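This report goes through a protein model, taking its fold, its surface and its side-chain contacts in turn.

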Amino acid sequence: MKRQLLSAFVLTAATFAAIAPVARAAESKAITNIQQTRLEFLENQTKAVENVHQFRLEGLDTRDKAITNIQQTRLAFLENQTKAVEDVHQFRLEGLDARDKAITNIQQTRLAFLENQTKAVR
């Protein structure tokens, strides 16, 4: 019985010795596969995040361009209003100048008339 026990023990040890390198290799390969799978998963997540960031940046760029266009339109509108106000002021000033000249001419005519009357009375 000792002999059978010893034989069984030796056979078990030999089996473990023969199987251990194969098991280690399989375990190493499994770990490599797990690591490779994790790396692929992380790469996919990174690409997804980059795509989301790219999409957001494009959205912000589009909004920025729209805001710039709106501001340019508003500035053009304000410039047109300013030009219109300046034109109205210029027109009013020209009107006042014309009235001033007319009044000056009327006053000169009245003064001339009064001077002629004064000369006639003397």
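In which helix does Phe41 lie? Phe41 belongs to helix H1, which covers residues 2-121.

## Overall fold

The structure described here is a predicted model. Its secondary structure amounts to one helix and zero strands, and of the 122 residues of the protein, 0% count as buried.

## Surface and nonpolar patch

The protein has an accessible surface of about 11800 Å², and carbon and sulfur atoms account for 61% of that area. Part of the surface is a nonpolar patch of about 300 Å², to which Leu39, Phe41 and Leu42 contribute.

Phe41, one of the residues that make this patch, has a relative accessible area of 49% and is therefore classed as partly exposed, since the exposed class requires a value over 50%.

## Salt bridge

How many salt bridges does the count come to? The count comes to one salt bridge, and Lys65 forms a salt bridge with Asp61 in which the closest N and O atoms are 3.5 Å apart. Both Lys65 and Asp61 lie in helix H1, where a separation of four residues places them about one turn of the helix apart.

Conventions: Residues numbered from 1 in each chain as written. Predicted model: local features only at pLDDT ≥ 70, side-chain atom pairs only at ≥ 80, totals over all residues. Heavy atoms only, no water. Patch = residues over 30% accessible without salt bridge, like charges linked within 9 Å, V, L, I, M, F, W, Y side chains within 5 Å. Areas by Shrake-Rupley, 256 points an atom, 1.4 Å probe, with all protein chains shown as cover. Salt bridge = Lys/Arg side-chain N within 4 Å of Asp/Glu carboxyl O. Helix = DSSP H or I, 4+ residues; strand = E, 2+ residues; numbered from the N terminus. Buried < 20%, exposed > 50% of the residue type's maximum accessible area, 1.4 Å probe, protein only.
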